[in-house]
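Hi everyone, thanks for making time. Let me put the model up, and then we can walk through a helix and some aromatic rings.

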Amino acid sequence: MKLLQFAMRFAIALLFGAALIWMVLATSDELPSNISGVARVVDGDSLEVAGENVRIKGIDAPELDQECNANGAAWACGQSAKRALTELIGGDLVQCRVSGRDKYRRYLAICEVQGKDIGKWMVTHGWAISYGDYEFDEAIARRSGFGIWQGEFDTPQNWRQKSQIQGGGFSVFEWLANFL
């Protein structure tokens, strides 16, 4: 009986140790300097490049479910931002310079396609707002009424906050999926 209890405790300790080691390795802060490959567009400011989740640094695009208003009518600006990014990238190779990670453990990176800065292009064409890096480009888009600037909208950050207050936002399972 004591041998069985010992074996069970040993197995549990071994599993716990393995899980702890996996967590440390999975959350390592070692960053690649570059990621490149064919990209899959997730939304207006997120990509999957070479199997890695990448958040385009310096911009914030409307969320996929977000709507904007123009001429008194709602339109799916989040879907439009994703479509614009998809058309920009096409099937071309994307090159990203990694500078860190965001709170969801995605790589933060400045990415280019055919020599074009993707973040700058998204902001200049009105499909994202500047998040600290592209203020001049945002001013151009705003004055020209491009993309989301053709009408009224909540900033993506404000829209996310309102969605969480109204019962939206991430569930624990979505958080775990983003974390893992």
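**A helix and its neighbours**

Just after helix H2, Gly 90 takes a positive phi of about 55 degrees. Before going on: this is a predicted model, where local features need pLDDT of at least 70, side-chain atom pairs count only at pLDDT 80 or more, and totals for chains, interfaces and linings use all residues. Residues are numbered from 1 along each chain as its sequence is written, and side-chain values use heavy atoms, with hydrogens and water left out.

Helices here are DSSP runs of H or I with at least four residues, and strands are runs of E with at least two, numbered from the N terminus.

Which residues of H2 are buried? Among them are Cys 77, Ala 81, Leu 85 and Leu 88; buried means under 20% relative accessible area with a 1.4 Å probe, protein chains only, with exposed over 50% and partly exposed in between. Down the axis, the buried residues fall within an arc of 165 degrees (using directions from the helix axis to the C-beta atoms), so they line one face of H2.

Now the rings. Phe, Tyr and Trp (its six-membered ring) pair if their centres lie within 6.5 Å; planes under 30 degrees apart are stacked, over 60 edge-to-face, the rest tilted. That rule gives two aromatic pairs. Trp 75 and Trp 127 are edge-to-face, at 6.1 Å and 80 degrees, and sit 52 residues apart in the chain.
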